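Reader: I have a model open and would like to talk through a few of its details with you. Could you put the sequence and structure up so that we are looking at one picture?

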Amino acid sequence: NDTLRDLYEADLAEQTPEERHYDRSACGGAFDHLHAGHKLLLTAAALVTTVELTVGVSAFRGHVQPLATRCDRVAEFLRIFKPNLAQNIVPICDVFGPTATDPALQALIVSKETIAGAESIRIKREERSLCALD
């Protein structure tokens with residue numbers, strides 16, 4: 001959605017890097033054969049998160065690696081990259097995962113591949129009277 005992307009980019013342009021830190025944020029994906037793109041998303045998420053990062057890992061069938069392997073690889077990467085960051089690695093069966101219900105989340109870190117899901121999450125949180133995610 002170009003409108004969502006434009007709003008996001010305009011908001012970021014007004015903030016200094018120091019202002020873009022959140023106690024609790026989230027990201028998600030398949031993380032099948034953890035590659036550079038996955039690592040960039042996880043790195044970006046970890047850099048802006050100060051307390052706990054929730055990572056939703058797709059539990060849908062059709063992935064090459066088993067779910068447990070993908071979750072373990074995500075956790076291992078985050079432990080190496082930012083050892084003091086608490087992790088909440090969760091299997092998700094839909095685009096929402098904990099982002100639809102967790103009131104403590106403050107930000108959602110997305111990639112071009114997951115931007116459409118961010119709009120669905122925004123709508124779901126609004127329906128449930130949860131605060132919007134940056």
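Reader: Thanks. Let me start with a side chain: which residue forms a salt bridge with Arg122, and how many Å apart are the closest N and O atoms?

Author: Bearing in mind that this is a predicted model, Arg122 forms a salt bridge with Glu119, and the closest N and O atoms of the pair are 2.7 Å apart. Both residues lie in helix α4, three residues apart, which is about one turn of the helix.

Reader: And how many salt bridges are there in total?

Author: The count comes to two. In the other, the side chains of Arg122 and Glu126 meet at 3.1 Å, N to O, and these two residues also lie in α4, four residues apart, again about one turn of the helix. Through shared partners, the salt bridges join Glu119, Arg122 and Glu126 into one network.

Reader: Which other residues of α4 are buried, and what follows the helix?

Author: Besides Glu119, the buried residues of α4 are Ile115, Gly117, Ala118, Ile121 and Arg125. The helix is followed by Ser129, whose phi is positive, near 60°.

Reader: What span should α4 have, and what does the model give?

Author: At 1.5 Å a residue, the 13 residues of α4, 115-127, should span 18 Å, and the end C-alpha atoms are 19 Å apart, which agrees.

Reader: Switching to the sheet, what is the strand order?

Author: Four strands form an open sheet in the order β3-β2-β1-β4, with parallel pairing. Because β3 (86-92) and β4 (107-108) stand at the edges, each has a single partner strand, so one side of each is left without a neighbour in the sheet.

Reader: And how many bridges pair β1 with β2?

Author: Strand β1, residues 22-29, and strand β2, residues 49-58, pair in the parallel sense over seven bridges. Within that pairing, Arg24 stands opposite Glu52 in β2.

Note on methods: Residues are numbered from 1 along each chain as its sequence is written. This is a predicted model: local features need pLDDT of at least 70, side-chain atom pairs count only at pLDDT 80 or more; totals for chains, interfaces and linings use all residues. Side-chain values use heavy atoms; hydrogens and water are left out. Two strands pair if DSSP finds at least two bridges between them. The expected span of a helix is 1.5 Å times one less than its number of residues. Buried means under 20% relative accessible area, exposed over 50%, partly exposed in between (1.4 Å probe, protein chains only). A salt bridge is a side-chain nitrogen of Lys or Arg within 4 Å of a carboxyl oxygen of Asp or Glu.
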